[in-house]
Amino acid sequence: MSSLSEKKSNFPTLGVNKNLSQLKLVQEKAHSQFSTARSESVPSSRRNQDSENRFEELFDNFLLNTLNDSFDNCIESFFLNELNAKSVTYWHDIPSLHVLYSKKLKLACSHSDGLVGFTFYKREVIVLTYPYEHPAYNEKYDRCPQELMLSMLLFPLWDNLGNVCAVVQVTRPKTDPFDVKKELDLIQYFTRKVGKVYPILFHPPRPESTLLELMRLMEVEQFLLILQKQMEELFNCRCAEIWKLDRATNEVFQFKKTKKLMYSDKLGIVGDALSRGYPINCIQNRMLSSYCEETDGSEIEPVLVIPLSYLKRKVMYAICIRGGSNTPIFTKQDEELLKIVAPYAFLAIDNLEIMSNSNSGINESELTTEKQCIEGLRDLIECISNKSPIEKSIEIAVEKMGLMAHADKSTWYFPDKKTLQLRTLFCTDKDIKTDTISNRTIPARVYANHEVFNIADAYDDFEFDSSVDLETGYKTTSLMAIPIINGCSDVVGVIEFSNRLDNQPFPLSIVKYVNILSTFVSLIMDNEKLQRDVLASSENIRNSLSAALQLTSGKCLQSTFKDIVGNVRRKCAAESGAVYLLDEEKNRLMRFVTDGEDLQMTLPMTFGIAALCFKTKDAVISNDAPNDSRYVKDPLDLSGIVINNLCLCPIISFSGRAFGIVEIANKDGNFTGGDIENIRSLCKLISVSFENKKIKEIAAQGNVLFETNRWIDELEKPESRIPEKLKLLTKQQLEVCDLYFDCLSYDVSELYKIIFYIFDELSLLTVFNISSEKLFSFLYDVRESYGDHPYHGWAHAVDALQFVFFVIITTKLNNRMNSSEILGLCIAALCHNSGYDERAVTFNIATEILHQGKSSVCATRCSLIISILSKRDSNILKNLKEDELKATWGVIVKLIIGQDPFYHFQLIDSIKGFIQARQKENEKLNLHSHLIEWNHETQKIAALILLLKAAIISHIVRPDNISEKWQIRAREEMRLDKQYEKDDDFLVSLKKLNREKQTRRMIDTLAFGNLIAIPVFKLLSTIMPQLNLITESGEANIQKCRDFLYPPEPSKK
């Protein structure tokens, strides 16, 4: 090797360049130190013989390493060791693309980018103490920021022709500066030596195994399949194609899976290479003017094309490889390697075409079939490794078995357990639909007899069913059917081959190889079925748990989760724990339940550690939250809690959707992986309970704080006005002020809005300083007390309040009552049926008899109202003065007790007595005053009780379509129609059944209206003449019922 150093150097002179103020000084030193390198020869007498010997020894070792590793890896490892470097990056030049490419970084750098491009341009050694200050520095390619405290050395490498072929980039800590003399001697020597042996080192080795594989005798389709695999292994490309231009006919053919004639206007990039006769290498196919989406594909990828002309035959071939997403670029070595492979591929395809055209068949050998079988097993194993769907494995197996059998069509049949018939699972003929019942008798016979069937001409067998041939136009000749055996030696299907490509009968020698592949696939299918059964069992367990939790009441479920959160918190030895659920409307995480010291009510979804946990769907631990950049305190957080450490886990549904998180905070010590497992168990339980529910449904099962935060912002809670999210639309406000109000057309949230609007219109919020938060909590508790009854439910309570409000604004009743009495009237209207339970009717009747007619239901209802208003968060009477409080409670209690049906007719008689007495007094004094003395406490309370009674049955006077809805709900609650259906099973006609139901409903309405409703509304309109319209509407509804039941006789002319 020493003789190489004495020869003349043909490479450009190396120089030194240094950054900032030392640049010129270092250059002068370097030029003086390496002046001998610029001369044509290097006298050995002026060299240090020891250094020379050491360099030769190092280079010899480097050459030995290139035998076992790639050239770029050897370069990087050599200088990493010899220069004591922190990192070494080898950038080799791709002249056809005018870029430098690093295989290690998978980055392409142009000749004018970064310090790498600058070194390529300067063609000399660059030493930089502060590389980031250099004007050419680019963070993307040079990766040497100031905080890393690194110096950099860059130098070019030349090939044997004196062209720059690469740039080597070396970094090292500033504490170990580069020794210019010592290290540049090594670089100078190494550069000179590499240039002389460059053709040997860089030239890619011939892929002998690939070339031998391509030159085997086979069919064109087989060759193309092998070509795809070999090119994928050599170049890591997505696909490979061979193109052929016949200059005699000017036709272009593409060989990919089969031979395909290409149109002249759709040739794309390869067509451009064929016309120019010049190789093409591009990083992005779309950047070329010749790009054609139909031919070159829609995916952005690198393309490499190598053309080759056969002048004697007037044929030009081109081989094209397309990179795909895994290959960012094709290098110069890829170009050289493809140039080696291309002639062999062209020769092989040319020979195979000649043989195919001359009809010279290729005898199938046992070895070839065996190899194809092994390849099929390898492909199936790859499918398992890649977790591909079972359909993909079946497709690969059928195609591979068809290739082994040289069949034109291959079909896989499997038995349908329900019909005991064979169905088509997969067929290589796309005209045959999959999963269709097969009536072919030959596969059925093979399946039943467990025997192989083979025939030269299918039509010679009388059992052959030619219906499929007639439908598809396909002509079946040779046919073979083989039973598919699973691991338990049971027949689980049939594989059928049709029409051997060489027009010969199928050989029996392929049966054993088909059995190997088919049995392997059947094992995969059995395993897939077993996995599905396990998943189905898991799903059943999950559904059972979900159903059990759904049977649990909302409050009980909330209490259960609170207890579980407490147990998890204590097990983690933490001070606080909470469950947060996503509110998509606010795009914030709302607290659902909490245990220990209260955590913040909401968490942002745009920043912070909670948002990170939610979006990444992964657990997050922060054991030093104040100093953790991921933890950002929400400026809207008014809880005042100090978070020292925390652990968060996402709540993920079975479908993979995140809809909440669990947070455990302030542990005595650091959170660990064991804490994560405990919290994840809680997350799974919550996921099972709520994964199929929306935020409104979750809120219904949650607590009042959770639902309050959904509708009222923190700044709105103490204010005595309607929150923005609880305001009604103008159209809805007009509906609330009208008799034709349909309460059943509003959802739960809109019912809250209606109550807030009524309280605001009556000035109750401002007069008594009722905060929006307290009113919402009060309404929430009242709603919870109603339950889910069809008629006596929360909607009926709001409907009664609306009727009271309608009467107040219509009759100006607020001018005759003070605000305390109006507040009591509204509360009584909302709570008139709170705690209703139809199952307790029998018990209540017995209790009333025991107490001599006094209603225990009304007393219990008053106690419930007192308990609700006694709560700190629900006490809307907190700011009332003592006299106002007495007046309000007096109205509430008297109105609730006044609804006792035992006193109904006594009340009617009393009010009639008040009216008659007042009428006599008016006649005597010739006055026209009100028939009720509103200043008289007894008369006023009696009138208000009557008003509330009318409000409770107000559906009678509303429009017929609205009234009908309430009547249906009432009958549903009392189960009248169900009992009626049970008693009248003889009614077969649904139309007749509905007619009978409507008749029964009309009878009940007519009886209730005549006996109870109409007298109440007539008496109410007598007291308040402005309500005559209400009475007329009720009488009109009753008349419709009467006309339906007793149609009037047609009038005679």
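Tutor: We can begin with the chain as a whole and then turn to some helices and single residues.

Student: Okay, so how many helices and strands does the protein chain have?

Tutor: Please keep in mind that this is a predicted model. The protein chain has 38 helices and 24 strands, and of its 1053 residues, 51% count as buried. If you take the contacts between residues at least 6 apart in sequence, 65% of them join residues at least 24 apart.

Student: Let's look at a helix pair. At what angle do the axes of H27 and H29 cross?

Tutor: The axes of helix H27, which covers residues 772–786, and helix H29, which covers residues 819–831, cross at roughly 35° and come within 10 Å.

Student: And which residues meet there?

Tutor: From H27 there are Phe 778, Leu 779, Val 782 and Tyr 786, and these meet Ile 827, Leu 830 and Cys 831 in H29. Sorted by class, this contact of H27 with H29 has seven nonpolar residues, with no polar and no charged ones.

Student: Which helix is Glu 973 in, and is Glu 973 buried or exposed?

Tutor: Glu 973 is in H35 and is buried, as are others in that helix, including Trp 966 and Ala 970. Helix H35 runs over residues 960–973 and reaches 20 Å from its first C-alpha to its last, close to the 20 Å expected for its 14 residues at 1.5 Å a residue.

Student: New topic: which residues of H32 are buried?

Tutor: In H32 the buried residues are Thr 888, Val 891, Ile 892, Leu 895 and Ile 896. They cover an arc of only 120° around the axis, and therefore they sit on the same side of H32. On the other side of H32, Glu 882, Asp 883 and Lys 886 are exposed.

Student: What about Arg 569, is Arg 569 buried or exposed?

Tutor: Arg 569 is found in helix H19, residues 554–571, and it counts as buried because its relative accessible area is 14%, where the cut-off is under 20%. The side chain of Arg 569 reaches the backbone oxygen of Ala 574 at 2.9 Å. Not counting residues up to four places away in sequence, Arg 569 also touches others, among them Asp 595, Gly 596 and Ile 664.

Student: Last one: what is the phi of Asn 84?

Tutor: Phi of Asn 84 is near 50°, a positive value in a residue other than glycine. Most residues other than glycine have a negative phi. Asn 84 has its place in the loop between helix H5 (71–82) and strand E2 (87–94), and at 52% relative accessibility it counts as exposed. Asn 769 also has a positive phi, near 55°, and is located in the loop between helix H26 (764–767) and H27.

Methods. Residues numbered from 1 in each chain as written. Predicted model: local features only at pLDDT ≥ 70, side-chain atom pairs only at ≥ 80, totals over all residues. Heavy atoms only, no water. Axes fitted to C-alpha atoms, helices over the stretch in contact; angles between N-to-C directions. Helix = DSSP H or I, 4+ residues; strand = E, 2+ residues; numbered from the N terminus. Contact = heavy atoms within 4.5 Å. Nonpolar A, V, L, I, M, F, W, Y, C, P; charged D, E, K, R; others polar. Buried < 20%, exposed > 50% of the residue type's maximum accessible area, 1.4 Å probe, protein only. Polar contact = N/O pair within 3.5 Å; in protein donor to acceptor, adjacent residues only side chain to side chain. Arc of directions from axis to C-beta. Expected span 1.5 Å × (residues − 1).
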